Amino acid sequence: MEEILRYFQCLTDKQRQQFGELGSLYREWNEKINVISRKDIDNLYVHHVLHSLSIANVIRFKEGTEILDFGTGGGFPGIPLAILFPDSRFKLIDGTGKKIKVVNEICQAIDLKNVEASHVRGEEEKGKFDYVVSRAVMPLSDMTKILRKNIHSEQRNALPNGILTLKGGNLQEELKPFRKIAEVFPISDFFCEEWFQEKYIIYLPL
């Protein structure tokens, strides 16, 4: 939890409490349903929560912004972002029902009211959103084919509507089709932990 407070010092008491409860909740649920690698559960706050929150260094969602978390898994990046931006609305979807069960249980436990979680694949999602967020679900070219239909045409934020995805490693080939429009933000510019080396936020306006 101290890693979160180091970088996000202006949290309300409720946000501090919500972030603080995630550790024990994920540990408890991960024993029943494996949503995080068991080797990685001790690194929850850096590898999952703080990683998700890196998106807040690229955009501060305005009140009423609608965000789709595509392939949310155990709730990342959607749950940490929903805690940080309580005036925005988040829909978290995943094709695995038991993962959505964990998401719903955790949201209920921490009284997170701006999240809707659904067991649905991206191809089936009909809603319109300002942004889609995700963590390394699939290559960008495949993601844009599936999700272009879900992006609002109306703009309400300074950053044009589109996709914000967390990825790592060498992205040169994957970004080739988008080199004229994609923006790449090294997360190591925001956070000093060594784990964030060669991890990036890719922003793609749609």
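Let's start with one contact. K199 lies over the face of W195, at 4.2 Å from the ring centre. Keep W195 in mind; we will come back to that ring. One caution before we go on: this is a predicted model.

First, the sheet. Seven strands make up an open sheet. Read across, the order is β3-β2-β1-β4-β5-β7-β6, and the pairing is mixed. Which strands stand at the edges? They are β3, residues 115–119, and β6, residues 183–186. Each has a single partner strand, so one side of each is left without a neighbour in the sheet. From one strand to the next, the twist averages 20 degrees.

Now look at one pair inside that order. Strand β4 covers residues 131–135, and strand β5 covers residues 162–168. The two pair in the parallel sense, over five bridges. Take R135 as an example: its bridge partner in β5 is L166.

Next, the helices on the sheet. Helix α6, residues 140–147, packs on the sheet and touches β1, β4, β5 and β7. The direction of α6 makes about 155 degrees with that of β5. Then there is helix α3, residues 44–53. This helix lies across β4, β5 and β7, and runs at about 155 degrees to β4.

Stay with α3 for a moment. How many of its residues are buried? Ten of its ten. Among them are L44, Y45, V46 and H47. What do these buried residues pack against? On the strand side, β4, β5 and β7. On the helix side, α1, α2 and α4.

In soluble globular proteins, nonpolar side chains tend to be buried together. Here, the largest nonpolar core has 52 residues. The residues with the most contacts inside that core are L22, Y26, I79 and L164. Helix α3 gives the most to this core, with six residues.

Pick out I79. Leave aside its neighbours within four places in sequence. I79 is then in contact with L22, Y26, G74, L92, V103, I106, C107 and L112. A second, separate core has 19 residues, including L68, L140, L147 and L171.

Back to the aromatic rings, as promised. The structure holds eight aromatic pairs. Ring pairs link Y7, F8, F191, W195 and F196 into a cluster. Let's take two pairs from there. A pair of aromatic rings is described by the distance of the centres and the angle of the planes.

Start with F191 and F196. Their ring centres are 5.3 Å apart and their planes are at 55 degrees, so this pair is tilted. Now W195 and F196. Here the centres are 5.2 Å apart and the planes are at 80 degrees, so the pair is edge-to-face.

Are these residues buried or exposed? F191 counts as buried, at 2% relative accessibility. F196 is buried too, at 0%. W195 is partly exposed, at 28%. Remember that W195 also has K199 over its face. There is another case of this kind: K32 lies over the face of W29, at 4.3 Å from the ring centre.

Next stop, F185. This residue is found in strand β6. F185 is partly exposed, with a relative accessible area of 21%; the cut-off for buried is under 20%. What does F185 touch, not counting residues up to four places away in sequence? The list is V58, F190, K199, Y200, I201 and Y203. So K199 turns up again, because F185 touches K199 and heavy atoms within 4.5 Å make a contact. As for L166, F185 is 19 residues away in sequence and 9.6 Å away in space, C-alpha to C-alpha.

The peptide bond from F76 to P77 is cis, with omega near 5 degrees. P77 is found in the loop between β1 and α4.

Then D111, in the loop between α5 and β3. Phi of D111 is near 60 degrees, a positive value in a residue other than glycine. D111 is partly exposed, at 34% relative accessible area.

Finally E198, in the loop between β6 and β7. E198 is not a glycine, yet has a positive phi of about 65 degrees. E198 is exposed, with a relative accessible area of 53%.

That's the tour. Thank you.

Note on methods:
Residues are numbered from 1 along each chain as its sequence is written. This is a predicted model: local features need pLDDT of at least 70, side-chain atom pairs count only at pLDDT 80 or more; totals for chains, interfaces and linings use all residues. Side-chain values use heavy atoms; hydrogens and water are left out. Two strands pair if DSSP finds at least two bridges between them. Helices (H or I, at least four residues) and strands (E, at least two) are DSSP runs, numbered from the N terminus. Axes are lines fitted to C-alpha atoms, for helices over the stretch in contact, and angles run from 0 to 180 degrees between N-to-C directions. Buried means under 20% relative accessible area, exposed over 50%, partly exposed in between (1.4 Å probe, protein chains only). A nonpolar core is a set of buried Ala, Val, Leu, Ile, Met, Phe, Trp, Tyr and Cys residues joined through side-chain atoms within 4.5 Å. Rings of Phe, Tyr and Trp (its six-membered ring) pair if their centres lie within 6.5 Å; planes under 30 degrees apart count as stacked, over 60 as edge-to-face and the rest as tilted. A charge sits over a ring if NZ of Lys or CZ of Arg is within 6 Å of the ring centre and within 35 degrees of the ring normal.
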